[in-house]
Amino acid sequence: MGINKNYKLNLIQWYPGHIAKAEKNLKEQLKLVDVVLEVRDARIPLSTFHPQIPQWIGNKKRLLVLNRLDMISEQVRQLWADWFKRQGEQVFFTNAQQGQGVTAVSKATQATGVELNQRRRDRGMLPRPVRAVVIGFPNVGKSALINRLVGRRVVESAARPGVTRQLRWVRISKDLELLDAPGVIPAKLEDQEAGLKLAVCDDIGEAAYDNQLIAAAFVDLVNELYAIAPDVLPENPLRSRYDLDPTSSTGESYLHNLSELRHKGDVERTARQILTDFRKGFLGTLPLELPPN
């Protein structure tokens, strides 16, 4: 899928100063880690893949967690589970805010610790707690996942990117220690469409973008998804929520038409409403990516 070619390549500007510093610290701490919990957004599992993570973690055990399972349908979840399985990956789906799926992640992490300590015993060493790190893009739910794994609020979690700034170790039990890391995004995000989806989902950290351009591109993206795979998506939520059919118009014209209908021509307010409605789940279980073919 391609976004409207009229959008400038500098659609999104971000300022990854603190992220570059966090990345450097993270790479140093990764030497101490046994298992990596990589958290991605279930609505955009490919766009929330950080291309350098495999290189950073090398041969360490990695668990792939797709968070926000409540924001995609069961059918879409199964499509992703099957697709990742074909790539040789097991996926854990969670809703970290509500705690769904967290027990399975916890058990898989603990199982890694059992294997680790068995190897230590075989070499005549004493067992120790397994050290895990939770990494991923800003605002994908890492802190919420840690709080659920610990069973109490130990790290600040908020529905905005960039809350975690420091690396810190959290003791979960006598068998498990977790490293809470700030969100990491690539210093250069070459794929503008991935940048667009990150902005729509609010997963991009400190960034500046034009709400109207992003909302219009979002409408175009939704229209493309419905053109490609209407059978795996719910009824078009833009039509059902706003009583205005988006399929016959561009994102930009839809935005203008909806602003006339709802907000006396205030396009900025309309753009913000569409983005907020999507982020809060008011547009239902709407993925922005489906597995490639």
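**Briefing: a buried asparagine and its surroundings**

N95 is buried, with a relative accessible area of 6%. That value falls under the 20% limit used for calling a residue buried. The model described here is predicted. Its protein chain holds ten helices and eight strands, and N95 sits in the loop between β4 and α4 (102-122).

**Around N95**

- Leaving aside neighbours within four places in sequence, N95 is in contact with N67, R68, L69, D70 and Q100.
- One of these contacts, N67, belongs to strand β3, which covers residues 61-67.
- The loop that holds N95 runs between β4 and α4, and α4 spans residues 102-122.

**The sheet**

- Six strands form an open sheet in the order β4-β3-β2-β5-β7-β6, and their pairing is mixed.
- β4 (91-94) and β6 (168-173) stand at the edges; each has a single partner strand, so one side of each is left without a neighbour in the sheet.
- From one strand to the next, the twist averages 30°.
- Within this sheet, strand β2 (residues 35-41) pairs with strand β3 (residues 61-67) in the parallel sense, over seven bridges.
- In that pair, E38 stands opposite L64 of β3.

**Helices**

- Helix α3 (residues 74-86) lies across β2, β3 and β4.
- Relative to β4, helix α3 runs at about 155°.
- Helix α6 (residues 192-201) is mostly covered, with ten of its ten residues buried.
- The buried residues of α6 are Q192, E193, A194, G195, L196, K197, L198, A199, V200 and C201.

**The chain as a whole**

- The protein chain has 293 residues, and buried residues make up 52% of them.
- Counting contacts between residues at least 6 apart in sequence, 70% join residues at least 24 apart.
- The chain exposes about 14,100 Å², of which carbon and sulfur atoms supply 47%.

**Points to locate in the structure**

Note on methods
Residues numbered from 1 in each chain as written. Predicted model: local features only at pLDDT ≥ 70, side-chain atom pairs only at ≥ 80, totals over all residues. Heavy atoms only, no water. Pairing = 2+ DSSP bridges. Helix = DSSP H or I, 4+ residues; strand = E, 2+ residues; numbered from the N terminus. Axes fitted to C-alpha atoms, helices over the stretch in contact; angles between N-to-C directions. Contact = heavy atoms within 4.5 Å. Buried < 20%, exposed > 50% of the residue type's maximum accessible area, 1.4 Å probe, protein only. Areas by Shrake-Rupley, 256 points an atom, 1.4 Å probe, with all protein chains shown as cover.
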